[in-house]
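Dear colleague,

I am passing on to you a structure that you have not worked with before. Please look it over together with the notes that accompany it.

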Amino acid sequence: MRLYHGSDTTIQKPDASHSRRNLDFGSGFYATSYPKQAERWALRRALRSHGKALVSVYEFVEAADLRVLRFDENDADWVQFVCKCRRGEQPPLGTDLVIGGVADDKVYAAIDMYMRGLWDMGQTLQALTFYERNDQYCFLTPRAIGSLRYVETYEVT
């Protein structure tokens with residue numbers, strides 16, 4: 001499977017140490033199976049850095065022994081997990097990889113309403129039905145990152 005990482009630099013050897021902590025799935029190396037999503041990430045990063053918008057491409061083969069936490073839907077479990085990670089908690093100890101939906105700006109607005117206690121879970125889940133779901137893969141450990149093979153980088157214009 002092909003995965004894509006948007007940035008302002010080529011990343012041939014990914015690692016989790018350069019990640020911010022309070023992201024959707026905690027601190028890790030993030031990629032997506034949607035090239036357009038990675039391109040949006042690259043353009044956003046390039047705007048901040050005044051650099052080039054670059055997408056690094058990887059081949060990913062999920063090893064059977066990886067400890068994967070998977071959210072197939074943007075459901076209540078996913079919302080609560082994202083809230084915990086956005087507050088600074090990390091995924092359960094021993095987790096190598098987290099796979100699930102992206103809480104982009106629109107989606108995060110709904111989650112933020114829940115986090116601030118302005119909406120209950122039902123209202124939050126109802127709002128999430130209006131947004132297109134993209135995915136993200138958060139590689140938390142060197143073992144998980146080792147399942148990625150760098151292929152190429154292309155520039156987004």
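The notes below set out what was found, taking one topic at a time.

Please bear in mind throughout that this is a predicted model.

Nonpolar cores

The largest nonpolar core comprises 20 residues, and those with the most contacts inside it are Phe-25, Trp-78, Val-98 and Ile-111. Helices α2, α3 and α4 each supply at least two residues of this core. The most is given by α2, which contributes six residues. There is also a second, separate core of 15 residues, which includes Ile-11, Ala-31, Tyr-58 and Phe-139.

Helix α4

Helix α4 spans residues 121-128, and within this helix Met-121, Thr-124, Ala-127 and Leu-128 are buried. Viewed down the axis of α4, these buried residues fall within an arc of 130 degrees, so they line one face of the helix. The spacing is in keeping with a general rule: an α-helix has 3.6 residues a turn, so residues three or four places apart point the same way. The cover over the buried residues of α4 includes α2 (76-86) and α3 (105-115).

A buried aspartate

Asp-135 belongs to strand β6, residues 135-139. A salt bridge requires the nitrogen and the oxygen to be within 4 Å. Leaving aside neighbours within four places in sequence, the residues in contact with Asp-135 are Ala-31, Thr-32, Ser-33, Tyr-34, Gly-100, Gly-101 and Val-102.

Salt bridges

The structure holds ten salt bridges.

Another salt bridge forms between Asp-8 and Arg-45, whose closest N and O atoms are 3.5 Å apart. This pair links distant parts of the chain, since Asp-8 sits in the loop between β1 and β2 (29-31) and Arg-45 in helix α1 (residues 35-49), 37 residues apart. Arg-45 is partly exposed, with a relative accessible area of 40%.

Asp-96 and Arg-67 form a further salt bridge, with their closest N and O atoms 3.6 Å apart. Here too distant parts of the chain are linked: Asp-96 is in the loop between α2 and β5 (97-101), and Arg-67 is in the loop between β3 and β4 (68-70), 29 residues apart. Asp-96 counts as buried, at 1% relative accessibility, whereas Arg-67 counts as partly exposed, at 46%. Through salt bridges that share partners, Asp-65, Arg-67, Asp-96 and Arg-143 are joined into one network.

With kind regards

Conventions
Residues numbered from 1 in each chain as written. Predicted model: local features only at pLDDT ≥ 70, side-chain atom pairs only at ≥ 80, totals over all residues. Heavy atoms only, no water. Buried < 20%, exposed > 50% of the residue type's maximum accessible area, 1.4 Å probe, protein only. Helix = DSSP H or I, 4+ residues; strand = E, 2+ residues; numbered from the N terminus. Arc of directions from axis to C-beta. Contact = heavy atoms within 4.5 Å. Core = buried A, V, L, I, M, F, W, Y, C linked by side-chain atoms within 4.5 Å. Salt bridge = Lys/Arg side-chain N within 4 Å of Asp/Glu carboxyl O.
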